[in-house]
Amino acid sequence: MGNILAYSGIVTKIRAMEAKLLTPAQFEEIANLSNVLEVVSYLKEHSAYTEVLSALDDDKLHRGNIEKVLIQSLYHDYSKIYRFCGQTQRRFLKLYLKRYEIDLINYCLRIVINHYRQPFDLYYKKAFFDHYSQISIEKLVTSRTTDELIENLKDTEYYAPLKKIQESQHISLFDYELTLDLYYFSTLWKERKKVLKKSDLELFTKDCGSKIDLLNLQWIYRAKKYYQIQPADIYLMLIPIQYKIHVAQMKELVETASLEEFMQALEKTSYARHYNFKQNLTIEQMYNECLHRLYLIDRRRNPYSIAAINTYLFLKEEELNKLTTAMECIRYSLTPGETLAYIGGRTQ
């Protein structure tokens with residue numbers, strides 16, 4: 001009864017929001033459109049993006065501005081959910097927000113490390129980050145070097161891990177991004193017990209632990225297929241947390257001599273018992289498919305729980321990723337079938 005009372009208003013709000021997410025049939029219709037402007041027109045007429053896209057002038061309807069508007073719709077949804085939450089759920093959302101903060105820092109690192117001539121284009125995020133985040137957009141946009149960027153994060157929790165790696169030699173963008181990812185998941189895993197209790201803690205532990213396992217599997221796969229990275233270096237890339245993949249299994253996966261042997265070892269994991277890794281999908285698609293299935297099952301079994309929030313935000317982010325990918329495919333004149341193959345063919 002306690003959970004029903006705590007989550008009834010949130011669940012009602014989220015159900016109304018989820019009803020406006022794009023359906024598989026709508027993604028098929030989008031895949032059959034001829035250009036990005038047609039996609040925008042379609043979204044204005046048939047989706048929850050009507051209001052945010054209508055505010056965009058016709059002369060600004062290019063991919064970059066459209067993606068900004070789509071990101072703002074995610075922030076709007078986060079804010080709507082936040083307003084309906086009690087203190088426990090708000091603490092969880094603050095923890096969830098760290099992913100958006102790290103995405104922002106990674107964007108800024110790419111700007112300063114690659115010496116882009118274009119200025120930072122972050123003011124469309126300013127209102128959201130000013131309200132919810134520890135990070136100051138005003139400070140970040142003044143950064144011109146990595147050193148300045150890290151100093152402009154001095155009042156945040158990200159300063160210490162970035163400062164530590166900054167003191168090493170020959171640091172690349174990949175090293176900074178990896179440091180932030182490892183910090184994020186380690187912090188998430190540690191702080192979840194302070195934020196959540198009982199059934200909510202059990203659910204989020206399952207979701208977070210599975211995500212960490214699947215990311216580690218994805219990174220091992222990429223390291224072996226694309227980069228031929230040695231096992232000793234692969235270990236440095238992995239999140240140092242095991243959930244359902246125990247240490248001996250992880251060792252076997254990392255130290256396989258070939259991609260074929262890796263796939264054979266993968267079949268021995270608990271994830272292979274619940275998911276067919278032999279489907280004709282990319283490793284990224286398999287990762288999303290596994291999480292999609294996991295989140296929906298958790299919410300179906302525990303509708304009045306943290307799973308309601310966690311699942312909706314995942315579905316919303318998944319939708320935005322698919323829309324961005326679909327627009328890119330259409331821009332390069334891929335066939336509808338090719339576009340659907342890239343986005344997985346469904347959202348819910």
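Student: How many nonpolar, polar and charged residues does the lining of the second largest pocket have?

Tutor: In this predicted model, that lining has seven nonpolar, two polar and seven charged residues. The pocket itself has a volume of about 350 Å³, and the residues closest to its centre are Lys20, Ala48, His76, Asp77 and Lys80.

Student: Which helix gives the most to the lining of the second largest pocket?

Tutor: H5 does, with four residues. Helix H1 (2–18), helix H4 (50–54), helix H5 (63–84) and helix H18 (306–331) each supply at least two.

Student: Why is H18 called roughly antiparallel to H19?

Tutor: The axes of H18 and H19, the latter spanning residues 336–343, cross at roughly 150°. Angles over 145 degrees count as roughly antiparallel, and therefore H18 is roughly antiparallel to H19. The two axes come within 9 Å, and their crossing is right-handed.

Student: Which residues in H18 and H19 meet?

Tutor: From H18 there are Lys322, Thr325, Ala326 and Cys329; from H19 there are Thr339, Tyr342 and Ile343. By class, this contact has four nonpolar, two polar and one charged.

How values were computed: Residues are numbered from 1 along each chain as its sequence is written. This is a predicted model: local features need pLDDT of at least 70, side-chain atom pairs count only at pLDDT 80 or more; totals for chains, interfaces and linings use all residues. Side-chain values use heavy atoms; hydrogens and water are left out. On a 1 Å grid over the protein atoms alone, a cavity is a set of points where a 1.4 Å probe fits but cannot get out, and a pocket is an open set with protein on both sides within 12 Å along at least five of seven lines; lining residues have an atom within 4 Å of a point. Grid points are joined across faces, edges and corners, and a volume is the space filled by probe spheres set on the points. Ala, Val, Leu, Ile, Met, Phe, Trp, Tyr, Cys and Pro count as nonpolar, Asp, Glu, Lys and Arg as charged, and the others, Gly among them, as polar. Axes are lines fitted to C-alpha atoms, for helices over the stretch in contact, and angles run from 0 to 180 degrees between N-to-C directions. Angles under 35 degrees count as roughly parallel, over 145 as roughly antiparallel, 65 to 115 as roughly perpendicular and the rest as oblique. A crossing is left-handed if the near helix is turned anticlockwise from the far one by less than a right angle, and right-handed if clockwise. Contact means heavy atoms within 4.5 Å.
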